[in-house]
Amino acid sequence: MKFSNNEEHSLKKAVVRPTALPLLVVLWALLGLFVLYPLGKLIYVVFVTDGTLDLSSITKVFTNWYSRKALFDSLVLATSVAAIGTSVGFVFAFGTTRMTLPKVIKWFIRAVIVLPFVSPPFTSSIALTLVLGPNGLLLRLLGMPDFNIYGFLGTCLAEVLTYFPIAFMTLSAVLDGIDPNLEDAAMSMGSTRWNTFKTVTLPLSLPGVGNAFLLLFGCSLADFATPLVMAGHTFPVLTTQAYLQITGMYDLKGGAAISFVLLVPALMVYLLQHYWLERRSYVTITGKSGARSSLEGANAIAKVFILGFISVVSMFIIFLYSIIFVGSLIKVWGVDNSLTLENYAYVFTVGREAIKDTVLIALVSTVLGTILGVTIGYLVSRKDLAFRKTLEFTSFLNYVLPGTVVGIAYIIAFNSRPLVLTGTMTIIVALCAFRYDVPAIRATVASLHQIDPSIEEASLSLGASRLATFLKVTLPLIIPAVTSGMRYLFVVSMTAVSAVIFLVSVQWSLLTVRILECITELLFAQAAAFSVVLLLIVFAALGLIDLLFKIAYPSYLRQLRRS
Amino acid sequence: MSDLILLEHLTKVFMKDNETFKAVDDISLNVKKGEIVALLGPSGCGKTTILRMIAGFERPTAGRVILEGQDITALEPNKRKIGFVFQNYALFPHMNVFDNVSYGLKIRRFSQEEIRKKTHEVLEMVGLKGVEKRFINELSGGEQQRVALARAFVINPKVLLMDEPLSNLDAKLRIYMRAEIRRLQKLLGITCIYVTHDQKEALSIADRIAVMNKGKIEQVAPPFELYTEPKSLFVADFIGQANIFEGKVIAFKDGRLEVSIYDRVISARFTSSSEFKIGARVALVVRPEAVNLTRSDESALKGRILSSVFVGDRMEYQIELEPGHLIHAFIPYSQETVRFSHGEEVGILIDPESVLVMPF
């Protein structure tokens with residue numbers, strides 16, 4: 001048996017990963033309380049009545065035609081959003097990785113990716129309503145005032161616009177990862193650009209396409225805010241039905257049953273993605289691939305089409321976001337178009353408590369979630385940890401499941417003894433921290449994985465103890481991961497709605513819930529003003545996190561700028 | 001000189017895919033103070049694993065590591081006072097050159113003044129004065145290599161372990177750094193164990209070379225002895241180039257062995273250490289530079305030139321003795337050298353003094 005150098009290397013295990021048994025015990029206790037217990041309670045409520053097994057609430061979901069339609073609609077919507085969103089994302093990704101784009105288009109693309117990520121989930125819905133809804137701007141311009149955006153069309157459009165950037169980012173990473181020599185080789189053997197695309201680029205990116213499709217499918221399936229605003233009564237979906245069942249009909253058991261039906265496909269999508277697709281990736285990170293050739297990936301005609309498409313989509317999205325801003329400054333959209341600051345006055349009087357609460361909750365969640373994420377990530381990347389995979393899966397559960405499911409599980413679990421938390425800030429913070437810490441976990445694991453064991457060994461051989469090595473070498477190296485996790489935590493804690501909507505109370509209200517209230521009362525201008533304020537807070541906080549990072553680790557800056 | 005480091009029956013067994021694999025198999029080796037010993041062998045032969053066990057990154061399955069008479073087999077790596085230069089340098093990417101080099105001094109709580117002084121001294125010694133503030137990714141490969149050396153030197157380790165330290169440099173720089181490492185090692189009188197798979201590197205840098213194969217040491221000897229007196233066929237083949245023939249002992253004559261190959265008889269040096277009976281099957285090792293070619297008829301062996309390559313300082317010929325059996329000959333090149341052309345019949349002269357005989 002012969003071992004190559006590489007295999008010998010893989011046999012090395014990282015030396016510096018101090019075990020922390022007490023830490024592990026605390027962590028499992030917390031995960032048990034805030035992840036496993038609520039889920040278990042949800043399943044218990046759905047399947048058990050008065051101590052005996054009872055399937056009636058589940059069968060009711062399938063026998064009631066309206067909830068059956070909701071299930072069907074959810075799947076149709078998710079499939080459509082995934083298919084269209086992935087296609088749009090692919091065109092964008094191909095354009096940015098295989099073509100030289102004008103600067104202005106690159107700027108457009110960056111805006112289009114950042115905006116949906118940082119804005120609250122209703123934003124595209126509000127904007128679409130202002131543009132294509134009753135009294136909509138474009139409808140009047142096009143002279144078709146009777147057009148009805150609500151239902152499948154509006155929901156699908158709003159979700160595609162919100163979620164395609166995810167497909168774009170996934171796919172551009174995949175397309176970037178394909179060794180450029182492969183495409184150059186095909187061309188040098190006489191293949192045309194189109195043929196190269198068909199026979200090399202596309203097949204190699206297929207696992208990535210599948211991954212993007214599943215990601216978007218999961219996002220759409222779990223989306224609550226968009227269908228709540230856009231779907232209307234003719235197009236019910238599971239998330240909104242579960243919500244209405246609980247808040248409208250006070251039927252906790254029925255809502256729980258619907259959310260359980262939602263849980264199954266969501267979990268399947270996750271498992272499919274992780275245990276099937278991840279193994280089929282062709283992208284290899286060897287670090288030594290040739291430079292991307294300066295050849296354009298498409299001929300002149302195709303390029304015009306691709307560029308045109310990217311520009312039109314980008315400009316439409318930027319137009320939608322500017323509509324939000326304009327809408328927030330107008331008295332009554334489409335009726336009285338005079339400029340006013342009244343809406344902002346409304347936000348800062350009626351919504352003042354909500355702003356304060358939201359920022360406080362987001363801050364606390366960010367801090368706790370970051371600590372949680374880094375700790376879990378650190379433990380999970382230890383190869384020799386017992387129940388490592390179980391720990392990872394458990395900590396991912398709340399994130400993987402749709403917010404509606406988690407929110408309902410929390411309200412069931414913490415509404416009654418032994419632990420009554422409803423109406424407190426604790427429950428909202430716990431939900432955010434244990435749900436949105438997952439990107440921090442992933443980033444920590446990924447960056448620990450990138451640290452060559454020899455770097456820690458070098459520190460040891462220079463005389464540093466294991467603890468000193470962790471503090472002086474390992475921790476500083478994962479700081480960028482920590483900040484990226486922090487940014488995500490803050491943004492999502494500020495903008496989330498699907499899960500926390502079940503947990504808000506008189507004492508603790510949130511901006512997103514306020515926006516929703518405005519929408520249901522048809523106060524679109526106020527909703528727009530709320531959204532703008534929320535967006536500004538998010539941008540300010542992101543800037544602040546970056547600034548803190550720059551002050552704390554100035555040495556990184558020079559490095560990042562270099563590389 | 002006394003033994004500074006002593007490896008006693010060191011063994012390392014890895015588990016891989018539920019199979020055990022003996023990476024290091026009962027190795028014993030001593031290294032004297034101030035000496036450079038190279039561990040040389042093909043990849044996967046266990047040389048890096050030995051180094052990692054000495055450094056404490058890997059626990060031996062069996063055997064002991066003795067440093068200055070003290071058993072350090074179970075000692076934590078940070079307590080060993082051993083320097084390590086990694087193949088990929090393992091420089092801290094979040095620190096600049098000065099902080100990388102002074103890391104070990106800071107850990108040892110030297111005073112600010114001493115840290116500054118020692119760090120500057122060592123940086124000057126390796127020729128890196130003036131780049132203290134640079135970050136690692138702003139340095140060339142050669143500069144990174146020097147930082148790695150400086151970082152290991154500055155803590156004044158009892159032993160310096162180097163794991164293929166030059167393999168990431170280009171060919172010219174590699175040759176230059178060989179001499180540089182040798183110079184610094186002598187200057188500081190530092191004891192050194194040097195792992196490499198490049199025989200030229202080992203020959204040029206080491207006082208002694210331990211040739212390794214499949215987890216075992218085949219031979220430990222100074223470079224010259226290793227080349228001229230290989231103890232096994234593996235060593236003869238691995239160090240330099242060698243023509244290896246199978247033959248049969250037919251007689252002893254005038255203190256020489258007469259051996260038959262391809263029905264012809266050639267004589268070989270007979271060393272007292274080797275004992276061969278008449279009729280024994282033996283291997284003959286002939287260095288290509290010990291082979292000479294002639295157009296006259298005096299030689300016993302004949303062949304046909306299969307290829308001739310000019311490589312600057314010499315001609316390299318491949319000669320076919322019998323179909324499928326080749327001998328390589330390196331003939332130093334000068335204006336007067338007779339050149340043989342493709343397909344030509346030539347006589348082959350082998351200096352009996354440079355023919356080695358060993359059991360097959």
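**Figure 1. Strands β11(B) and β12(B) run antiparallel and are joined by five bridges.** Two strands count as paired if DSSP finds at least two bridges between them. Strands (E, at least two residues) and helices (H or I, at least four residues) are DSSP runs, numbered from the N terminus. The model shown is predicted; local features need pLDDT of at least 70, side-chain atom pairs count only at pLDDT 80 or more, and totals for chains, interfaces and linings use all residues. Residues are numbered from 1 along each chain as its sequence is written, while chains are lettered from A and ligands numbered from 1 in the order in which they are written. Lys253(B) has Arg256(B) in β12(B) as its bridge partner. Two residues lie between the strands of this hairpin, and Asp254(B) takes a positive phi near 50°.

**Figure 2. Strand β12 (residues 256-261) of chain B has side chains that alternate between two faces.** Leu257(B), Val259(B) and Ile261(B) point to one face and are buried. A residue is buried if 20 or more other C-beta atoms lie within 10 Å of its own, exposed if 12 or fewer, and partly exposed in between; the C-beta atoms are placed from the backbone. Six bridges pair β12(B) with strand β13 (residues 264-269) of chain B, again in the antiparallel sense. One of the residues involved, Ser260(B), has Val265(B) in β13(B) as its bridge partner. The hairpin of β12(B) and β13(B) has two residues between the strands, and Tyr262(B) in the turn has a positive phi of about 45°.

**Figure 3. An open antiparallel sheet in chain B has four strands in the order β2-β1-β4-β5.** Strands β2 (19-32) and β5 (70-71) of chain B stand at the edges, each with a single partner strand, so one side of each has no neighbour in the sheet. Strands of a sheet pair through backbone hydrogen bonds, either parallel or antiparallel. Strand β1 (residues 3-16) and strand β4 (residues 62-67) of chain B are paired over five bridges. Thr11(B) stands opposite Ala62(B) in β4(B).

**Figure 4. Gln241(B) sits in the loop between α8 (233-238) and β11 (243-253) of chain B.** Is Gln241(B) buried or exposed? Gln241(B) counts as exposed because 12 C-beta neighbours lie inside 10 Å. Leaving out residues up to four places away in sequence, Gln241(B) touches Pro288(B) and His328(B). Two residues are in contact if their C-beta atoms, placed from the backbone, lie within 7 Å. The C-alpha atoms of Gln241(B) and Phe310(B) are separated by 17 Å, and these residues are 69 apart along the chain. Chain B is divided into domain 1 (3-237) and domain 2 (242-359), with bounds from an automatic or database domain assignment. The centres of the two domains, taken over C-alpha atoms, are 39 Å apart.

**Figure 5. Helix α12 (residues 238-247) of chain A is mostly covered.** Eight of the 10 residues of this helix are buried, among them Leu238(A), Tyr243(A) and Ile246(A). The elements that cover the buried residues of α12(A) include α4 (65-98), α10 (193-222) and α18 (403-413) of chain A. Chain A has 25 helices and four strands. Of its 563 residues, 45% count as buried.

**Figure 6. The largest nonpolar core has 152 residues.** Such a core is a set of buried Ala, Val, Leu, Ile, Met, Phe, Trp, Tyr and Cys residues joined through C-beta atoms within 7 Å. Helix α8 (residues 152-177) of chain A gives the largest share of this core, 12 residues. Leu216(A), Ile408(A), Tyr410(A) and Leu431(A) have the most contacts inside the core. Not counting residues up to four places away in sequence, Leu216(A) touches residues including Val81(A), Gly85(A) and Tyr163(A). Apart from this core lies another, of 100 residues, among them Val65(B), Ala150(B), Val195(B) and Val291(B).

**Figure 7. Confidence in chain B is lowest in β13(B), at a mean pLDDT of 81.** pLDDT is the predictor's confidence in each residue, from 0 to 100. Confidence is highest in strand β3 (residues 36-40) of chain B, at 96. The mean over chain B is 88, and 98% of its residues reach 70 or more. The model scores ipTM 0.78 and pTM 0.75.
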